[in-house]
Amino acid sequence: MSKRIITINRMYGSGGRAIGKALAEELGIGFYDRELIEIAAKKKNIPLGDLADVDEKRPGVWSFPVNHEIQINPEYLTIPMNDVLFELQRDIILSLSDKEDCVIVGNHILLDRTSVFIYAPFETRVKTIMERLDREEKSARKLVKRMDKERKAYYEFFTDENWLDMGQYDLCIDSSRFTTEEIVKILKEAYER
């Protein structure tokens, strides 16, 4: 039987990861974000750094990262590492959906789940990144734009859906309008329904 899963997609700097983690702690259920990459790396004995480098990044049209020893193996020959990671995460997530209730951040593989999109105005996200990473404004602006662009490209490449189409999510929340605690309360209520 499928378990209850909440997936959280988010704009960079909107606090989506922290919200997801706080929600999982409040509900006493599993939380998966970077943990999916760690599980994938262990499962197939692929260096964690190789998978982390391609996480939430769409493969380039002409860039097939096949120069790594893991991709000399016939199992991975000429397959972009992005695709290898996506397939591994897909298998892990589908397995989790049969085992436990959980919160998954940054993934969109499950169709039968509660999907959430966390966003915030650009300026708010820039300030968040300036504070969180101790960056100057110009650097933070550039990073927020780049990360949003990468997440959008990844999402759209693997789903054929528009990342910012709010109609595909069950809940869309502007994190600048609520505290983390308030958002967790909203999401907890959705989970319990």
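## Helices α4 and α6

Helices α4 and α6 are roughly perpendicular to each other, because their angle falls in the range of 65 to 115 degrees. In this predicted model, α4 (residues 81–99) packs against α6 at an angle of about 70 degrees, and the two axes are 12 Å apart. The crossing of α4 past α6 is right-handed.

On the α4 side, the contact is made by Asn 82, Asp 83, Phe 86 and Gln 89, while α6 contributes Tyr 154, Phe 157 and Phe 158. Sorted by class, the residues of this contact are four nonpolar, two polar and one charged.

## Helices α1 and α7

From α1, the residues in contact are Ile 19, Ala 22, Leu 23, Glu 26 and Leu 27; from α7 they are Thr 180, Ile 183, Val 184, Leu 187, Lys 188 and Tyr 191. Eight of the residues in the contact of α1 with α7 are nonpolar, one is polar and two are charged.

## The largest pocket

The largest pocket has a volume of about 500 Å³. Its lining consists of 22 residues, and those nearest the centre are Arg 10, Asp 33, Arg 34, Glu 56 and Arg 151. Two or more lining residues come from each of α1 (16–27), α2 (34–44), α3 (48–54) and α6 (137–159).

The lining comprises seven nonpolar, four polar and eleven charged residues.

Technical notes. Residues are numbered from 1 along each chain as its sequence is written. This is a predicted model: local features need pLDDT of at least 70, side-chain atom pairs count only at pLDDT 80 or more; totals for chains, interfaces and linings use all residues. Side-chain values use heavy atoms; hydrogens and water are left out. On a 1 Å grid over the protein atoms alone, a cavity is a set of points where a 1.4 Å probe fits but cannot get out, and a pocket is an open set with protein on both sides within 12 Å along at least five of seven lines; lining residues have an atom within 4 Å of a point. Grid points are joined across faces, edges and corners, and a volume is the space filled by probe spheres set on the points. Helices (H or I, at least four residues) and strands (E, at least two) are DSSP runs, numbered from the N terminus. Ala, Val, Leu, Ile, Met, Phe, Trp, Tyr, Cys and Pro count as nonpolar, Asp, Glu, Lys and Arg as charged, and the others, Gly among them, as polar. Contact means heavy atoms within 4.5 Å. Axes are lines fitted to C-alpha atoms, for helices over the stretch in contact, and angles run from 0 to 180 degrees between N-to-C directions. Angles under 35 degrees count as roughly parallel, over 145 as roughly antiparallel, 65 to 115 as roughly perpendicular and the rest as oblique. A crossing is left-handed if the near helix is turned anticlockwise from the far one by less than a right angle, and right-handed if clockwise.
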